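Dear colleague,

Please find below the structure that I am handing over to you. My notes on it follow directly after.

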Amino acid sequence: MGWRYRQQLRQLVVETPVTSTLLDQDPAALAACGVQALALDFDGVLAHHGADQPLPDVTDWLRRAVAVFGAERVCILSNRPFGPRVDWFATHFPGIGFVSGVRKKPYPNGLIKTGELASVPLSSILMVDDRLLTGCLSALLAGSRPCYIRNPFRSYQLHPVKEFFFMLLRRAERCFVALP
Ligand SMILES: [Mg+2]
């Protein structure tokens, strides 16, 4: 499916500034554009890979997002919905749920479940992800809106091997979708 959708994914890369992070997305501006719910990837989007909790700036951003959309319309859609990160959200943002028990991205099941939990149409959900061939592709397959994070949070100090691997993977994805 990544091959079939490569043109749309390529367009997404072209339209996305290379410095983009989650913090560039203003929740109120998103709502003004018709976004009614958020599906947020964790690794790279809320913090560096494998982190237990979002970065402090992201925590502030989440407060603004909850104020705009309501906690029940902000979901975490990660392929790793387990561990201390789940406990952290239960403590600090009890209304924000992890979508779990679904087929992993790029299958659209997580977004379909997000739509059910948030009671909004799939076309009004923004999937924010730093991976083209998982989160962004799942948004296209579900008929939702992809938001590509081109400059994900990383910590080469804490996880040099993993972060290097994902850096190569993200670069390989961009090469893949650039194929004619
Ligand atoms: Mg990620």
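The buried residues of helix H1 are covered by, among others, helix H6 (132-142), strand S5 (145-148) and helix H7 (160-177). Contact here means heavy atoms within 4.5 Å; helices (H or I, at least four residues) and strands (E, at least two) are DSSP runs, numbered from the N terminus. Please note that this is a predicted model, in which local features need pLDDT of at least 70 and side-chain atom pairs count only at pLDDT 80 or more, while totals for chains, interfaces and linings use all residues. Residues are numbered from 1 along each chain as its sequence is written, and side-chain values use heavy atoms, with hydrogens and water left out.

H1 spans residues 6-15, and its buried residues are Arg6, Leu9, Leu12 and Val13. These residues lie on the same side of H1, because they cover an arc of only 115 degrees around the axis, taken from the directions from the helix axis to the C-beta atoms. Gln7, Val14 and Glu15, on the other side of H1, are exposed. Buried stands for under 20% relative accessible area, exposed for over 50%, and partly exposed for in between (1.4 Å probe, protein chains only). Gln11 also lies in H1; with a relative accessible area of 42%, Gln11 is partly exposed.

**Nonpolar cores**

The largest nonpolar core has 28 residues, and Leu38, Leu40, Leu46 and Phe89 have the most contacts inside it. Such a core is a set of buried Ala, Val, Leu, Ile, Met, Phe, Trp, Tyr and Cys residues joined through side-chain atoms within 4.5 Å. Two or more residues each come from strand S1 (37-40), helix H3 (56-69), strand S2 (74-76), helix H4 (84-92) and strand S4 (125-129), and H3 gives the largest share, 5 residues. A second, separate core of 12 residues includes Val99, Val120, Met127 and Ala142.

**Strands S4 and S5**

S4 and S5 run parallel and are joined by 4 bridges; strands pair if DSSP finds at least two bridges between them. Met127 stands opposite Pro146 in S5.

**The magnesium ion**

Asp41 (OD), Asp43 (O) and Asp130 (OD) coordinate the magnesium ion at 2.0 to 2.2 Å. Donors are N, O and S atoms within 2.8 Å of the metal (3.2 Å for Na, K and Ca); water is not among the atoms, so sites may look incomplete. The donor residues follow the spacing D-x1-D-x86-D in sequence. Both Asp41 and Asp43 are buried.

With kind regards
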